[in-house]
Amino acid sequence: MSVLDIVVLTGISGSGKSVALNALEDTGYFCVDNLPPELLQGLVDLEQKRAPALQRRLAVSIDVRSAQSLPDLLPVLTQLRQEGISVRSVFLDASTDALVRRFSETRRPHPLSQIAQVEGSSGEKILVDTINLERELLSPLRDVSTVIDTSLLRPAQLRTWIHNVVQAASSRLTLVFESFAFKHGVPIDADFVFDVRMLPNPYYIKELKPLTGRDQPVIDYLAQQPEAAEMVAQIEAFLLRWLPTMEDDQRSYVTVAIGCTGGQHRSVYCVEQLVQRFAARGVVLARHREQDAR
């Protein structure tokens, strides 16, 4: 029997699944778009017969276009895992405002727009109604998946984050620390959110203003602030207390979002410090939403 590595890509329409699937194809995955869930087991069986002695990487995109058969997907994923096959489910999400803007720019109809029209809505309300309906239909998949918020991501940034997700070991909990700017909104994929805006702000020091929390002068400045050391230590203590419980609960992915005003200095510094402190625990990723987008 071949060794299979399967990524099941799901998410809200307009959240970037095509970009993500292309990124997986570029890294060597055999990709299938819009696969009906009832065909997944057959596709896996076919792949195992085609290359019985090879490591095979398979990525399938399944979304609301297969709405009627979506309830069949979770039992299939459970069965595949029981067979010893590595299966990772990745769910792309975005804020409703971002989705409305994207559909307006592309002028593409939402896959469920006809359902909303039957309900008598009109204009932008049709789109909002369909997005809300889609969220409801896909919520069981979201609950068991690694969630990536694409609201503010550029395509290149999304490709990088997808690569990081699929390269992470699937058998252990993956811990993600993500810095962000509160002025651009809280990441909707965050499991925990910490606010570090009360820490001294390097932005108001002329020499430090153009730098980031990854630059040594900013690191040295914040390392000398007792409040910063206390904040990092308290976040560390909280996670050390509760991460074992989440691992026992079979959680595979936890995102810790740390925000400051601009996502440049304090949140970036805290993320980098926490990544260093948790590096020995397994798979730890660092994301800097505002900085990576530049």
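What is the volume of the largest cavity, and which residues line the largest cavity?

Tutor: Please keep in mind that this is a predicted model. The largest cavity has a volume of about 60 Å³. When the whole structure is searched, 1 cavity of 30 Å³ or more is found.

The lining of the largest cavity is formed by L173, L175, L243, E247, F278, R281, G282, V283 and V284. Two elements, helix 9 (226–248) and strand 9 (283–288), each contribute at least two residues to this lining. Sorted by class, the lining of the largest cavity comprises 6 nonpolar, 1 polar and 2 charged residues.

By class, the lining of the second largest pocket contains 8 nonpolar, 8 polar and 7 charged residues.

Charged residues lead us to the salt bridges. Side chains of opposite charge can pair when their charged atoms come close.

In one of them, the side chains of E47 and R56 meet at 2.5 Å, N to O. E47 counts as buried because its relative accessibility is 1%, which is under the 20% limit.

In another, the side chains of D93 and R142 meet at 2.9 Å, N to O. D93 belongs to strand 4 (residues 86–93) and R142 to helix 6 (residues 124–143), so this pair ties together parts that are 49 residues apart in sequence. The two partners can also be described by their accessibility: D93 counts as buried at 3% relative accessibility, whereas R142 is partly exposed, with a relative accessible area of 25%.

A further salt bridge joins the side chains of R289 and E290, at 3.0 Å, N to O. R289 is buried, with a relative accessible area of 4%, and E290 also counts as buried, at 11% relative accessibility. Elsewhere, salt bridges that share partners join D33, D63 and R65 into one network.

Finally, consider helix 3, where burial can be related to the geometry of a helix. In helix 3 (residues 73–82), the residues L73, V76, L77 and L80 are buried. They cover an arc of only 100 degrees around the axis, and therefore they lie on the same side of helix 3. The general principle is that an α-helix has 3.6 residues a turn, so residues three or four places apart point the same way.

Just after helix 3, G84 takes a positive phi of about 85 degrees. A67 lies in the loop between strand 3 (55–61) and helix 3. With a relative accessible area of 29%, A67 is partly exposed. The C-alpha atoms of A67 and P36 are separated by 9.1 Å, and these two residues are 31 residues apart along the chain.

Technical notes:
Residues numbered from 1 in each chain as written. Predicted model: local features only at pLDDT ≥ 70, side-chain atom pairs only at ≥ 80, totals over all residues. Heavy atoms only, no water. 1 Å grid on protein atoms, 1.4 Å probe; cavity = no way out; pocket = protein on both sides within 12 Å on 5 of 7 lines; lining within 4 Å. Points joined across faces, edges and corners; volume = space filled by probe spheres on them. Helix = DSSP H or I, 4+ residues; strand = E, 2+ residues; numbered from the N terminus. Nonpolar A, V, L, I, M, F, W, Y, C, P; charged D, E, K, R; others polar. Salt bridge = Lys/Arg side-chain N within 4 Å of Asp/Glu carboxyl O. Buried < 20%, exposed > 50% of the residue type's maximum accessible area, 1.4 Å probe, protein only. Arc of directions from axis to C-beta.
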